[in-house]
Amino acid sequence: MSTSSSASEMLDSEFLGMRCRLIDLAASLDRIDRSDGAPPADPRMAQIRRGLEILAGDAPDRAVRVQLEFSLPYDSNLSPLAPRP
Amino acid sequence: MYFIEPHIHIASRTTDDIQAMARAGCVAVGEPAFWMGYDRSNVGGFYDYFRQLTEWEPKRTANYGIRHFAWMGLNAKEAENVPFAREVIALLPEFLDKPDVLGVGEIGLHKCTKNELATLRELIELALGRDELLLFHTPHLEHKLMGTRMILDLLRADSRVNRDRVWIDHCEEHTIRLVRDEGYWAGLTLYPTTKVTPERAVDMIEIYGPERLLVTSSADWGPSDPLAITALMAAMRRRGHEESLIRRIVYENPLTFMRQCRRFDFTPPQ
């Protein structure tokens, strides 16, 4: 199932919202930079950077890949199917 | 257009919210038992809460012409103490016998611990033993993928599970395919910051189609919108979708799922 819009029409519809969200994100990063102390060596900042790299690429399914970037890996030892001790 | 809100926590909402929902076209709601924002100190706290969901909240919504259905369960955040959880589970059959109760939910995982899993197994056993519908809460944020996979593993191992009668809620882009590919109903939750926005929900409707799909506000005591379904409807119209598809998502799909409950007795307006 897809919409009847062309890619150009979709871009027209999405452009200002995308621009706004990008500027919001840039301002958030600036705000962290302006805060006291050095930029945090926090793994969440690395996640944000990797998320931005996904956005900058041309590969599809960006939303799924960003979600996976922010997900804990599945530990098969935790599976209900794993043998019980 | 009429709509059904299949997942909302009316106990956490004001009467003004109920009135606004009725004015917007809501004709029925589903209210799963959940974590009220604090851990209950004794089993009596749960008993009173279950009475609230089955006695008081239906009266509040009925004042505005909205039919109220409840789900009975123990949420994952209060499932860590397994002996305590067993006391709560022992209360459930009394409430599951009430006429407007749809099944066992919302149950699931939070931090995906062994104790949560032990309690979840007992809740599933209760539901399957009574042939009840099941509504699963999948965890938040970084735990969602892990918890969703654990729930799917658990259900796959039990041959008694009828997947048409199971709703796995709070799916997002990275979990919806797992749920739909295995034949369950998938729920999308419209939240302003976590979970999905109306636009992303429409993306998933376009990618995966409307079959076995429920979209809800899950509005509760946190940042959430009891009219989020109307935002979804507006987003679908903006994207050029036909009214028949919108009606299927916000009205016919919830009815189809709820009608599987043997106690469901509701004459929907046309």
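Student: Why is B:S217 called buried?

Tutor: This is a predicted model, and in it B:S217 has a relative accessible area of 0%. Buried means under 20%, so B:S217 counts as buried.

Student: Where is B:S217 found?

Tutor: Look at the loop between β8 (213-216) and α8 (228-238) of chain B. Leaving aside neighbours within four places in sequence, B:S217 is in contact with residues including B:H7, B:T189, B:Y191, B:D225 and B:I229.

Student: What makes the pair B:S217 and B:E5 a polar contact?

Tutor: Their side chains are joined at 3.0 Å. The cut-off for such a pair of N or O atoms is 3.5 Å, so the 3.0 Å of B:S217 and B:E5 passes.

Student: What about B:S218, buried or exposed?

Tutor: B:S218 is buried: its relative accessible area is 1%, and the limit is under 20%. B:S218 also sits in the loop between β8 and α8 of chain B.

Student: What is the phi of B:S218?

Tutor: Positive, about 45°, although B:S218 is not a glycine. B:H170 is another case, with a positive phi near 65° in a residue other than glycine. You'll find B:H170 in strand β6 (residues 166-171) of chain B.

Student: How do you know whether B:H170 is buried or exposed?

Tutor: Its relative accessibility is 3%. Exposed would need over 50% and buried needs under 20%, so B:H170 goes down as buried.

Student: Which residue follows α7(B), and what is its phi?

Tutor: That's B:G209, with a positive phi near 85°. In α7(B) itself, the buried residues are B:A201, B:V202, B:M204, B:I205, B:E206 and B:Y208. They pack against α6 (176-181), β7 (185-189), β8, α8 and α9 (243-258) of chain B.

Student: Which peptide bond is cis?

Tutor: One joins B:G105 and B:E106, with omega about -10°. B:E106 lies in strand β4 (residues 101-108) of chain B.

Student: On to the core. Which residues have the most contacts inside the largest nonpolar core?

Tutor: B:F50, B:M72, B:F136, B:L155, B:I168, B:L188 and B:L232, in a core of 95 residues. In soluble globular proteins, nonpolar side chains tend to be buried together.

Student: What does B:F136 touch?

Tutor: Not counting residues up to four places away in sequence, the partners of B:F136 include B:I107, B:L120, B:I151, B:L155, B:W167 and B:I168.

Definitions and conventions
Residues numbered from 1 in each chain as written. Chains lettered and ligands numbered in written order. Predicted model: local features only at pLDDT ≥ 70, side-chain atom pairs only at ≥ 80, totals over all residues. Heavy atoms only, no water. Core = buried A, V, L, I, M, F, W, Y, C linked by side-chain atoms within 4.5 Å. Buried < 20%, exposed > 50% of the residue type's maximum accessible area, 1.4 Å probe, protein only. Contact = heavy atoms within 4.5 Å. Helix = DSSP H or I, 4+ residues; strand = E, 2+ residues; numbered from the N terminus. Polar contact = N/O pair within 3.5 Å; in protein donor to acceptor, adjacent residues only side chain to side chain.
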